[in-house]
Amino acid sequence: MSEPLDPAGEAAAVDLAGEARRLDAADALAPLRERFVLDDVTYLDGNSLGALPAHVPARVDDVVRRQWGELRIRSWEESGWWTAPERIGDRIAPLVGAAAGQIVVGDSTSVNVFKALVAAVRMAREDVGDGGEGGGAVRDEILVDATTFPTDGYIAESAARMTGCALRAVTPAEVPGALGDRTAAVLLNHVDYRTGRLHDLPGLTRAVHACGAYAVWDLCHSAGALPVGLDEHGVDLAVGCTYKYLNGGPGSPAYLYVRRDLQPRFDSPLPGWNSHAEPFGMRSAYAPASGAVRGRVGTPDILSLLALEAALDVWDADGVSVAAVRAKSLALTDFFLRCVGAYVPAGRVESVTPAAHDERGSQVALRCDDAGEVMKRLVESGVVGDFRAPDVLRFGFTPLYVGFADVERAARVLARTLG
Ligand SMILES: Cc1ncc(COP(=O)(O)O)c(C=O)c1O
Ligand SMILES: Nc1c(O)cccc1C(=O)C[C@H](N)C(=O)O
């Protein structure tokens, strides 16, 4: 058993627990929690795998038993399977500030990073007449976020090798100084997976454009948690996963955004039959479809795709908006930082998540000695966050189902675990 808090800590706990109850009572999003399958575990890992929306199993059951079991091949048309990648892309679009017709769902984030980055380099090359023949600069460099989730870095390295570009890893803050007339494309994360830092998507996109390059954003840790504004800020290409704040389920397919005016120039490095202008024409020559469909590759993963489609229904509930979710997310992370400050012995943890709201995503990352062991004990005590090497305790706050009492409890259990 863990040790109780000291007397001062107990007094603070009473106050903060009361405040948490008041905040939960006033929270317009609180009723949404009922729409998810949750137990008495305090689940702060929705930034790795979102919780299961309660209505999804019945929908998946219908897809399997009726659409597949009874309609079989007819379902490609009658159950809307064939057009699901674009249809579900249009459901995600408002959540990331995109008009319809620019997002296609399918494949993993890693695969979509590859498609987007290679396509971006190809467009940058086309702009200067394929290597300077048009009189412009040679576009032969890719910038990648040096703090990125590793898969983006691996893919960028391979994309650079394949396109004959040099790859330079720089922090997002260093990007403006690193841009030049050789830069073809820049791959950035909207929110840093480890620290939870929110990067300046509008400003960095403007800087990338000012040097004639293309911006590719990874939205894994922002979509469904905060406003993104893809159209408003003129983002060129973006990718993201759907199993975190969009609650699509383990391995649910990712998405690719291609800004409408760039779609005719989007030259996919993975041109499969699903992105062909006439997929059932069975032609040997490839001709790309128009629109977001160009981002498709092969047969979509229908079971996962339709589980995701069902999960997105949560966003149709009364009063749910990205703005409301963002406001609650900031209130949750603020409250967590306060509770940690009040309960946890001074110096035992250090927040690496920015305090400023415009620099914070929907998670709090605490640096701590023996973080791996601490997180193991927290999970055993019913508080689920995750450990990210080498020394970070990561807590994700999904406003659709996390409440203020969860936050207070997590900080209290953390303090006891750290003793
Ligand atoms: C920022 C970021 N990009 C990419 C990925 C990996 O995506 P996928 O496994 O869908 O390729 C993750 C998490 O898994 C991530 O956090
Ligand atoms: N995609 C994951 C998986 O298949 C297994 C375990 C974790 C994940 C994750 O999503 C990790 C996550 N992107 C992170 O930010 O660390």
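A: The protein chain has 13 helices and 13 strands, where helices (H or I, at least four residues) and strands (E, at least two) are DSSP runs numbered from the N terminus. This is a predicted model, in which local features need pLDDT of at least 70 and side-chain atom pairs count only at pLDDT 80 or more, while totals for chains, interfaces and linings use all residues. Residues are numbered from 1 along each chain as its sequence is written, and chains are lettered from A and ligands numbered from 1 in the order in which they are written.

Turning to the ligands, ligand 1 has 13 residues around it, of which Ser 108, Thr 109, Ser 110, Phe 149 and Cys 220 come nearest; a residue is near a molecule if its C-beta atom, placed from the backbone, lies within 6 Å of it. Helix H5 (109–127) and helix H7 (150–163) each give at least two residues to this shell. Sorted by class, the shell around ligand 1 holds five nonpolar, six polar and two charged residues, with Ala, Val, Leu, Ile, Met, Phe, Trp, Tyr, Cys and Pro counted as nonpolar, Asp, Glu, Lys and Arg as charged, and the others, Gly among them, as polar.

Around ligand 2 stand Ser 48, Phe 149, Tyr 193 and Cys 220, and by class this shell has three nonpolar, one polar and no charged residues.

As for the wider setting, the domain assignment, which is automatic or taken from a database, gives domain 1 (7–35 + 319–418) and domain 2 (60–315). The contact between them takes 23 residues from domain 1 and 15 residues from domain 2, two residues being in contact if their C-beta atoms, placed from the backbone, lie within 7 Å. On the side of domain 1 that touches domain 2, helix H11 (322–343) and strand S10 (363–368) are the elements that give two or more residues, and H11 provides the largest share, five residues. The residues of that side divide into eleven nonpolar, six polar and six charged.

Finally, of the 419 residues of the protein chain, 47% count as buried, that is, 20 or more other C-beta atoms lie within 10 Å of their own, again with C-beta atoms placed from the backbone.

Note on methods: A residue is buried if 20 or more other C-beta atoms lie within 10 Å of its own, exposed if 12 or fewer, and partly exposed in between; C-beta atoms are placed from the backbone.
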